[in-house]
Amino acid sequence: MTDRSTATDRTRLAEGAYSSDRDLAARQSLYPWQTPRHDLPGIVVEQLGGVRAGARVVDVGCGNGRYVERLRESRPDLATLGLDLAPGILATVPGPVAVADVTRLPLASGSVDAALAMHMLYHVPDIPQAVRELARVVARDGVLIASTNSDDDKAELHDLWQRAATDVLGTGREPARFSIGARFSLEKARAFLGAEFGRVRTIELPSTVTVRDPEPVVAYLTSYRAWADLYEAPFTAVVERARTIVTDRITRQGSFEVGCRAGILVCGR
């Protein structure tokens, strides 16, 4: 049995999955084919509309800086800091940025007016500790904005992987099911966040991705190469089999559709 705790291993995250923005950017490249097109950075800017000029905002787990850059463009009056566990992925993010662990933030208590934790809390081994730390650094009248996906987000991609893995492994072998996001899904997030924040409001963002070329799907699947050993199947062979399945579907039906269900959670005291 594969140890699923390695899915949140600090070394794997910092030196593998997020050593650069290659894999994150590959996942993000699926969304130009999304309908309706949800502009998550724009929604965050909107939710921070009431935050005063000069306020301090920290993006924890900022990745390749989509939210940091949008905030600095739309709200240059805010003091925005990007933090991430992985030094490599910060290389493309304009400063100020710093390397930091969400469970031990290098920030004084109550020192920020708003914190972001966008699609990252499922990577944290101790989610309750991460939420406590975010609550510690956010001022009493401040806000935390987090995001994640539903348990049934992109179910078609999970099914695609299972079918491709079954084909590669052969009859009688059940491919391992593995999902990093399940640890902090939209269904579980409210309980985690509500332990420290009295108000948690969910903005659900359902959409459909429709592709007529297999490459965005292949790139998305390939982006999980850092966790290849957890799938208990030959990773490259499964991706190539998935490419064939998607290509055949597009040839027969004209497109391949993926149902997406993400959400943003706006938290206050």
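**Helix 5 and its surroundings in the predicted fold**

At the start of helix 5, a side-chain oxygen of Asp126 comes to within 3.1 Å of the backbone nitrogen of Gln129. Helices (H or I, at least four residues) and strands (E, at least two) are taken here as DSSP runs and are numbered from the N terminus. The model is a predicted one, in which local features need pLDDT of at least 70 and side-chain atom pairs count only at pLDDT 80 or more, while totals for chains, interfaces and linings use all residues. Residues are numbered from 1 along each chain as its sequence is written, and side-chain values use heavy atoms, with hydrogens and water left out.

Helix 5 spans residues 127–137, and its buried residues (buried means under 20% relative accessible area, exposed over 50%, and partly exposed in between, with a 1.4 Å probe and protein chains only) are Ile127, Ala130, Val131, Glu133, Leu134, Ala135 and Val137. The cover over these buried residues includes strand 2 (56–60), strand 5 (112–118), strand 6 (138–149) and helix 7 (186–194).

The protein as a whole contains nine helices and eight strands. Its radius of gyration is 19 Å, close to the 18 Å that the globule rule gives for 269 residues, so the protein is as compact as a globular protein of that length; the radius is taken over C-alpha atoms, and the rule is 2.2 Å times the number of residues to the power 0.38. Along the principal axes, the C-alpha atoms fill a box of roughly 60 × 40 × 35 Å. Of the 269 residues, 52% are buried. Among contacts (heavy atoms within 4.5 Å) with a separation of 6 or more, 78% are between residues 24 or more positions apart. The accessible surface, computed by the Shrake-Rupley method with a 1.4 Å probe, comes to about 11,900 Å², and carbon and sulfur atoms account for 51% of this surface.

Arg201 is placed in strand 7 (residues 199–211), where this residue is partly exposed, with a relative accessible area of 42%. Leaving aside residues up to four places away in sequence, Arg201 touches Gln47, Arg190, Ile264, Leu265 and Val266. With Gln47, the side chain of Arg201 makes a polar contact, side chain to side chain, at 2.7 Å. A polar contact is a pair of N or O atoms within 3.5 Å; within protein, one must be able to donate a hydrogen and the other to accept it, and residues adjacent in sequence count only if both atoms are side-chain atoms. Arg201 and Cys267 are 66 residues apart in sequence, and their C-alpha atoms are 6.4 Å apart in space.

Some backbone features remain to be described. Most residues other than glycine have a negative phi, and most peptide bonds are trans. The peptide bond from Thr35 to Pro36, however, is cis, with omega near -10 degrees, and Pro36 is found in the loop between strand 1 (34–35) and helix 3 (40–47). Gly95 and Pro96 are likewise joined by a cis peptide bond, with omega about 0 degrees, and Pro96 belongs to the loop between strand 3 (79–84) and strand 4 (97–99). A positive phi of about 50 degrees is found at His119, although this residue is not a glycine; His119 lies in the loop between strand 5 and helix 5 and is partly exposed, with a relative accessible area of 22%. Lys154, also not a glycine, has a positive phi of about 50 degrees; Lys154 is in the loop between strand 6 and helix 6 (155–169), and at 3% relative accessibility Lys154 counts as buried.
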